[in-house]
Amino acid sequence: MRAALARLIDWPFEALQRALGAARMPYVFVLPNLLVFGIFVVLPMLLNIWYATTSGVELMPEQRPFTGLANFSELLDCSNYLNVASCRQDRFWRAVDNTLWFVAFQVVTMVALSLITAVVLNRKMPLRGFFRAVFFYPVLLSPVVVALIWKWILQPDGVLNAILVANGGQRLPFLLDSDWSFTWTVVVSVWAHMGFYVLILLAGLQAIPPDLYEAAAMDGTPQWRVFWRITMPLLMPNMAVVLVLGLIRAVQAFDEIYVLTGGGPGTATQYIVQYIYETAFAGQVHIMGLAAAASMLVGGVLLVLTLLQLLASARAKQ
Amino acid sequence: MKTFFRRTIMAGAAMLALPLLAAAPADAATELRIMWYSDANEGDVMRDLLDRFEKANPDIKVALDRVPYKTITDNLPALVSSGQAPDMARVTDLGGQSSYYLNLTPYLKDKAYWDVNFKDVLPWVRPPGETDGVYGLMTQLTITMPIVNETLFQQAGIPLPGPTATWDDWAKAAKAVATKLNVPIPIAIDRSGHRIAGPAISYGAKFFSPDGQPALVDAGLKTMATKIYGWHNDGVMSKAIWGSVGGAAYRGANEEFSNGQVVLYMSGSWQFAQFVKTVGDGFDWHGVANPCGPASCSGMPGGAALVAYKTSKHPAEIGKLMDYLASEPVYSEFHARTLFLTAHKGLMAKGIPYAADKPQIKKSLDAAFANVKALSPVAYQLQGYRLNRVLFTPLTVRLNQAISGEMTLDDAFARMTQDMQDGLKAAGVK
């Protein structure tokens, strides 16, 4: 049966190999993937460049007048880059500012917590499998579900305020005050994504040969020294992956925060992807050129940050 | 093993054939697809009416695709501009995408009937420059107006302000009721530029310059915006409504009102049917006259229209369906069962037999009709302007930023003007 099936699959490839030659066959195998990549990644990127350099509200590329770098110059038009109010597109810069703060807090908190959690979960302890599942569980939830769960907890008459009031406290404006809202977007985002990074670090920890730890124990090396001299250096490749992925995901933060706070109050939790989405799609007039230019700027910054980080981790490895 | 494979193949073939068999009878009939959102029961009523239409016209099937309101405002425009529009849709941005609407005139049985009965609202859905065609059917005429929780006023022993009361009178009364009964929200206004346009017009906002060009910020708008800003600071309005979301997002307070947490809710006539269901016998509520300012006592007209798109391959069937839905008995039944205000002049004169067995509905509808009569001409002009959301959105976004403490009111006014100009420029308005 198996041989019959193999023959069934085999003959078109044999025919192709006869027609193209063995040297060209690898291209045949990567072609499907290349097509998917081309249609869903490369083509949208090229279209995005076209939108960023054109204006108007038309969706069809050929109907949009070419305006060169006008959208970029409008986005970058600021008399003082340290004062958002001085920028022509102040909402873009507010979103950039919010995103930078969010990335700084979210990535640092998440990497630190993921590392601690992974180290703890790597030790021999009762119910270890259960706890690993508990930390990974939020990753399985849809971002909208995550946001709705937290909204029920944090809204003015939500669970957390009910607990506060029941214990003689006062209601707190968790989603109505700028600072509180920002803090909770960081907390919720870390809660929702941490499990994924814990898993990556856990895999790294389990790949460290145990004989290194045994040798250190025989030498009587203190635990903190073992951590800094053995665990951390050998975990660096995984840490680099976690950092790069965490950074990219933090800049892309949108869905759960959009449902949780809608970017409010005011624009306190409006991050860059929400700005791009609202500029392109939410208003009556869809200013897609400006949104495309903003997404290219963000893409460029992300690319530079990722390259820098990869460079740094490559140097650290050497 | 062989039997297993044979059975599997036969089951697979049967599964593949089933949809084909099911699709076979449908191929014989023309299918129209309507993208439809609902505030209350109008989707169910429409489905009922469509079932009758299908029975009378077995060659036409109508699929009513029910979607959230956000799909209509955010996704439908992209579908339409990319040539992927459904045959028909129920829209509230009446003129925004009118250049894509199908002119129904050649497909209607009696255009004169439409001209006579929908004279005032037909221009709202016409593309720029067009003065004669029929481009849609208003499924609902709405008016923005306050709805009050009368029980709270009675419990507080505070009389309801009269029909000529100003916004300041209402703010004072609502605050007094809320303070006495410990109600969290004295006044709630939907987070929408359209909702505060009416009160702003009452305080003298014109929205257009004397030469007819859009002009968002003037003394009237500043007065009303300053009041709303102040009400958020002194507790007349709660930040839970305007402050709980950002950007241009709409946020209603219908849930808070249904839960008895709001004394006065500035929303509109489309909420009546919903409150009959959600409030039930919980408390007495009803719509009241729009509060006055020095210029008028105006709300904003509005509504939803059923429009068809040029890309549809079945314009003749669409014409047939539109004729059926616009016919007097069907149109009257739709409005009677949904408690919507009608845009049909003949029915306005005759009266609609509303299914209003509760006194609050009767009171609310009476107030709504009186509010329609009191509408300022500015309100009609603004509603008829096809890019009116280019004015409404900056009003919401920037006022919200001022309320949240991100900028001063003066900065917010300057940014409103700039955002409006950017929007108009992007839309190609010189």
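**Exercise 1. Describe how helix α4 (residues 90-122) and helix α10 (residues 223-251) of chain A pack.**

Step 1: geometry. The two helices pack at an angle of about 140 degrees, and their axes lie 10 Å apart. Helices (H or I, at least four residues) and strands (E, at least two) are DSSP runs, numbered from the N terminus. Axes are lines fitted to C-alpha atoms, for helices over the stretch in contact, and angles run from 0 to 180 degrees between N-to-C directions. The model is predicted: local features need pLDDT of at least 70, side-chain atom pairs count only at pLDDT 80 or more, and totals for chains, interfaces and linings use all residues. Side-chain values use heavy atoms, without hydrogens and water, residues are numbered from 1 along each chain as its sequence is written, and chains are lettered from A and ligands numbered from 1 in the order in which they are written.

Step 2: residues. On the α4(A) side the contact (heavy atoms within 4.5 Å) includes A:F102, A:Q106, A:M110 and A:V119. The contact divides into 16 nonpolar, 3 polar and no charged residues (Ala, Val, Leu, Ile, Met, Phe, Trp, Tyr, Cys and Pro count as nonpolar, Asp, Glu, Lys and Arg as charged, and the others, Gly among them, as polar).

**Exercise 2. Find the residues that touch the most other members of the largest nonpolar core.**

Step 1: the core. A nonpolar core is a set of buried Ala, Val, Leu, Ile, Met, Phe, Trp, Tyr and Cys residues joined through side-chain atoms within 4.5 Å. Buried means under 20% relative accessible area, exposed over 50%, and partly exposed in between (1.4 Å probe, protein chains only).

Step 2: the residues. The largest core has 139 residues, and B:F207 and B:L321 touch the most other members. Residues up to four places away in sequence aside, B:L321 touches B:L32, B:I34, B:L50, B:F53, B:V62 and B:M88.

Step 3: the other core. A second, separate core has 56 residues, including A:V107 and A:L302.

**Exercise 3. Locate the non-glycine residues B:N182 and B:L339, which have a positive phi, and say whether each is buried or exposed.**

Step 1: background. Most residues other than glycine have a negative phi, and most peptide bonds are trans.

Step 2: B:N182. Its phi is about 60 degrees. B:N182 sits in the loop between α6 (167-181) and β5 (185-189) of chain B and is exposed, at 69% relative accessible area.

Step 3: B:L339. Its phi is near 65 degrees. B:L339 sits in the loop between α13 (328-338) and α14 (345-350) of chain B and is buried, at 7%.

Step 4: a cis bond. In chain A, the peptide bond from A:G264 to A:P265 is cis, with omega near -5 degrees. A:P265 lies in the loop between α11 (255-260) and α12 (272-282).

**Exercise 4. Describe the surroundings of B:T139.**

Step 1: place. B:T139 is in strand β4 (residues 136-149) of chain B and is buried, at 3% relative accessible area.

Step 2: contacts. Beyond four places in sequence, B:T139 contacts residues including B:W36, B:R90, B:F334 and B:H335.

Step 3: separation. B:T139 and B:W270 are 131 residues apart in sequence and 12 Å apart in space, C-alpha to C-alpha.
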